[in-house]
Amino acid sequence: MNATSRRVVLHFPRDLVGRSIVCRLVKEHDLEFNILRANVTPREEGLMVIELSGSPDDLDSGIAFLERTGVKTQPLTHDVKRDEERCTQCGACVVMCPSGALLKEADGSVVFDGESCIACELCVKACPPRAIEVHFPGLYEDVWPGNGDNGREK
Amino acid sequence: MAKTIEEINERIKKGEAVVVTAEEMTEIVRSDGAGAAAKKVDVVTTGTFGPMCSSAAYFNVGHSKPRIKIGGGTVLLNGVEAYAGLAAVDVFIGATALPPSDPRNAVHPGEFAYGGGHVIEDLVAGKDLRLSVRTYGTDCYPRKELDTYISLADLNEAVLFNPRNAYQNYNCAVNLSDETIYTYMGVLKAGLGNANYCSAGALSPLLNDPLYRTTGIGTRIFLGGGVGYVAWHGTQHAPGVKRGENGTPLAPSGTLALIGDLKGMKPGWLVGSSFLGYGSTLTVGVGIPIPVLDEEVAAWTGVGEDELFTQVVDYSDSYPNLVPGSLGQVSYAELRSGTVEIRGRKVPTGSLSSIPKAREIASTLKSWIESGDFLLTEPVAGLPCADSGHEFRMLNERVASV
């Protein structure tokens, strides 16, 4: 079975920030990982943008393990949004993107491939009409049960 | 067998005019030749959608009770500084104006999130804007303070007036230094990290009328989604710049001052924009129709991007310090390919001007003309031409003592 990669945003509640959880993805679920971003928020919760690689089955079991443990997961594409109405297709962002998530088509239009995005945010400020937004729920918004929408994709 | 604008307009009124976009014309001229193209095509439409900092709007808000004299006082629109130097209730706002409290580059690079360009966009979108005035009173205009909401519909005249738009060609900007720089040509990565350019190329209005033969004062155009006119030559108009064999300039050259009724325009074609570390501006949509009078005009509108060139300029040192010279000449076809060779290196290119939007403008103008609703105009006066001696000079600094 071929290895695939998935980029997810993980929310660690306060009581889990001190525990080592990510390494169990390697030991118990045979996954490789690449941490793209890691923060402890002002409310002492953990926010991590991580790329996990492995077989689709291992990725599923790894994600399931995280969620069982109390870590909320969400695909990265949910956090990086391009407002297609506001985007003027100028292309200023394309040359800034280090991971090839923003590309120019032959007709000059700009496409955003969420799968390649590493949420570095270099495009956000380079965009003149400010059409790109990166919001990590939990950093500035309350995301725990009863509040807001995690936008989790199954 | 030359055509006149009058003849072309007669065909437009009858719904018989053959109208193509500049990109379509390039194909036609390449396959059929300029002579055949000139017989077949009546109008070529062009378009461009890019940041144009010398853009502005002026309007009349109507009198308050009691009257107030904004001129000579201070006026803010949604917190952005507008100009209070006209008559009592005439207000002028420029695209690069900022709120007094905007930190600008105090923490570099500044964001410039909201400025005059954004105010103009909000106005066109029909939003309510806060107008705040503080001024001295007079016997006839006794009021000194005003805080009110206004929207486009409330205004008497609302005019888009852009002292410099539609630059005929522009530099390709690079950064030779060791640190990222933040410019009006976007973020430029260190060590020739990227090469940014800003032109609609084959669709560009003045690159299709390189010697200003058909475009002049009074030319009717597409401006900001509505109808506008060429009012004057733009600031920094430089017709005498070196040109290639096809007449197109090899460096930034002509410019246009444009005017139109803001109430007829649409927010998607006037977009407030922020350039990190540089400032706020307005991205403007402009489209100019070119009457194909003869083979000469057909040839100019048939020029393709492999025949349009510009200069590579270092924005880290040469540009700020007025050091003349270029790092090389590149074609727009090369720039569009995604990489260009500079100093033996393959440098990724970045565009600032939207080709999809430029194409949409040219198509929209084409459909306006085909519908018979948009007639071409004969310029009432020409723009300063290539051998007029009109130049863009640098400042001759004559230091004034304190």
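**Chain A, chain B and the contact between them**

In this predicted model, 24 residues of chain B are in contact with 17 residues of chain A, two residues being in contact if their C-beta atoms, placed from the backbone, lie within 7 Å. Several elements of chain B, namely β3 (48-51), β13 (186-188), β18 (270-275), β24 (345-351) and α6 (355-370), each supply at least two residues of the side that touches chain A. Helices (H or I, at least four residues) and strands (E, at least two) are DSSP runs, numbered from the N terminus. By type, the residues on this side of chain B divide into 10 nonpolar, 12 polar and 2 charged. Here Ala, Val, Leu, Ile, Met, Phe, Trp, Tyr, Cys and Pro count as nonpolar, Asp, Glu, Lys and Arg as charged, and the others, Gly among them, as polar.

Residues are numbered from 1 along each chain as its sequence is written, while chains are lettered from A and ligands numbered from 1 in the order in which they are written. As this is a predicted model, local features need pLDDT of at least 70 and side-chain atom pairs count only at pLDDT 80 or more, whereas totals for chains, interfaces and linings use all residues.

Turning to chain A, an open sheet is formed by 4 strands in the order β2-β3-β1-β4, with antiparallel pairing; two strands pair if DSSP finds at least two bridges between them. The edges are taken by β2 (32-40) and β4 (72-75) of chain A, each with a single partner strand, so one side of each is left without a neighbour in the sheet. On average, neighbouring strands of this sheet are turned by 25° against each other, direction ignored. For such angles, axes are lines fitted to C-alpha atoms, for helices over the stretch in contact, and angles run from 0 to 180 degrees between N-to-C directions.

The pairings within the sheet can be followed residue by residue. Strand β2(A) is joined by 8 bridges to β3 (residues 46-54) of chain A, and the two run antiparallel. Along this pair, Asn34(A) stands opposite Glu51(A) in β3(A), and Phe33(A) stands opposite Leu52(A). In a regular strand the side chains alternate between the two faces of the sheet. A hairpin is formed by β2(A) and β3(A), with 5 residues between them, and Glu44(A) in the turn has a positive phi of about 65°. Strand β3(A) is also joined to β1(A), through 9 bridges and in antiparallel fashion; there, His11(A) has Leu47(A) as its bridge partner in β3(A).

Helix α2 (residues 56-69) of chain A has 14 residues, which at 1.5 Å a residue should span 20 Å, and its end C-alpha atoms are 20 Å apart, which agrees. The expected span is 1.5 Å times one less than the number of residues. Within α2(A), Asp58(A), Leu59(A), Gly62(A) and Leu66(A) are buried. They cover an arc of only 100° around the axis, which puts them on the same side of α2(A); the arc is that of the directions from the helix axis to the C-beta atoms. An α-helix has 3.6 residues a turn, so residues three or four places apart point the same way. On the other side of α2(A), Pro56(A), Asp57(A), Ala64(A) and Arg68(A) are exposed. A residue is buried if 20 or more other C-beta atoms lie within 10 Å of its own, exposed if 12 or fewer, and partly exposed in between, with C-beta atoms placed from the backbone. The buried residues of α2(A) pack against β1 (4-12), α1 (22-29), β3 and β4 of chain A. Just after the helix, Gly70(A) takes a positive phi of about 105°.

Further along chain A, Leu102(A) is found in strand β6 (residues 102-104). Leu102(A) counts as buried because it has 25 C-beta neighbours inside 10 Å. Leaving aside neighbours within four places in sequence, Leu102(A) is in contact with Cys93(A), Val94(A), Cys97(A), Val110(A), Phe112(A) and Cys123(A).

A cis peptide bond joins Lys65(B) and Pro66(B), with omega about -5°, and Pro66(B) is found in the loop between β4 (56-60) and β5 (74-77) of chain B. Another cis peptide bond joins His108(B) and Pro109(B), with omega about 0°; Pro109(B) is found in the loop between β7 (90-94) and α3 (116-124) of chain B. Arg104(B), found in the loop between β7 and α3 of chain B, has a positive phi of about 55° although it is not a glycine.
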